[in-house]
Amino acid sequence: PSAEQTVWRLLDLLGEGRAQEAVLYCRQLLKSGESAQGIWTIFLWIVTSLVSVASAVHEGTTSIQSIMQATDVKFGAARALLPLARACRMEQLQELLLRVTDADISLKTGAWKSGADSEEELTALLDRCLLSFSAHKRS
């Protein structure tokens, strides 16, 4: 799939709270030649967009149009992430953001390896972060 198709499919899966399917989808992408680093970059963009949309929702912004204006998140991403943003409590969002931020810092400082020769480490980290999405829906 193209990079754009990858983004939208992953957005849809995570936005619907289907984290296990997102992991399987990323595994398929890896088998087809996509790099773990490329998927990680897409994942970071999704998390950033989720934080923006969820923050707007938490502040009382309800329409997609208003969310787009408040956050600069594009229509497709806002629409895909809105159900998850509405279901996610701020404490859960903060936990998710902390987990992903810690992981990204660890990658950038060398605590986790992310080069072409260490795709397995980054894949495991990506799996863990993707699966944390399923724990962030309101009970």
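Biologist: Leaving aside neighbours within four places in sequence, which residues is aspartate 127 in contact with?
Modeller: This is a predicted model. Aspartate 127 is found in helix α7, residues 119–131. Neighbours within four places in sequence are left aside here. The contacts of aspartate 127 are then Val23 and Arg27.

Biologist: Is aspartate 127 buried or exposed?
Modeller: Its relative accessibility is 11%. Buried means under 20%. Aspartate 127 therefore counts as buried.

Biologist: How many aromatic pairs does a search of the whole structure find, and what counts as the description of the pair?
Modeller: The search finds 1 aromatic pair. The rings belong to tryptophan 40 and phenylalanine 43, with centres 5.6 Å apart.

Biologist: Where do tryptophan 40 and phenylalanine 43 lie?
Modeller: Tryptophan 40 is buried, at 0% relative accessibility. Phenylalanine 43 is buried too, with a relative accessible area of 0%. They are 3 residues apart, about one turn of the helix. Both lie in helix α3, residues 36–58.

Biologist: How are α1 and α3 oriented to each other?
Modeller: Their axes come within 10 Å and cross at roughly 50 degrees. The contact includes Leu10 and Leu14 of α1, and Phe43 and Ile46 of α3. The crossing is right-handed. With that angle, α1 and α3 are therefore oblique.

Biologist: Which ring does the charged end of arginine 9 sit over?
Modeller: The charged end of arginine 9 is 6.0 Å from the ring's centre. That ring belongs to tyrosine 25.

Methods
Residues numbered from 1 in each chain as written. Predicted model: local features only at pLDDT ≥ 70, side-chain atom pairs only at ≥ 80, totals over all residues. Heavy atoms only, no water. Helix = DSSP H or I, 4+ residues; strand = E, 2+ residues; numbered from the N terminus. Buried < 20%, exposed > 50% of the residue type's maximum accessible area, 1.4 Å probe, protein only. Contact = heavy atoms within 4.5 Å. Phe/Tyr/Trp six-rings, centres within 6.5 Å; stacked < 30°, edge-to-face > 60°. Lys NZ or Arg CZ within 6 Å of the ring centre and 35° of its normal. Axes fitted to C-alpha atoms, helices over the stretch in contact; angles between N-to-C directions. Parallel < 35°, antiparallel > 145°, perpendicular 65-115°, else oblique. Left-handed = near helix turned anticlockwise from the far one by under 90°.
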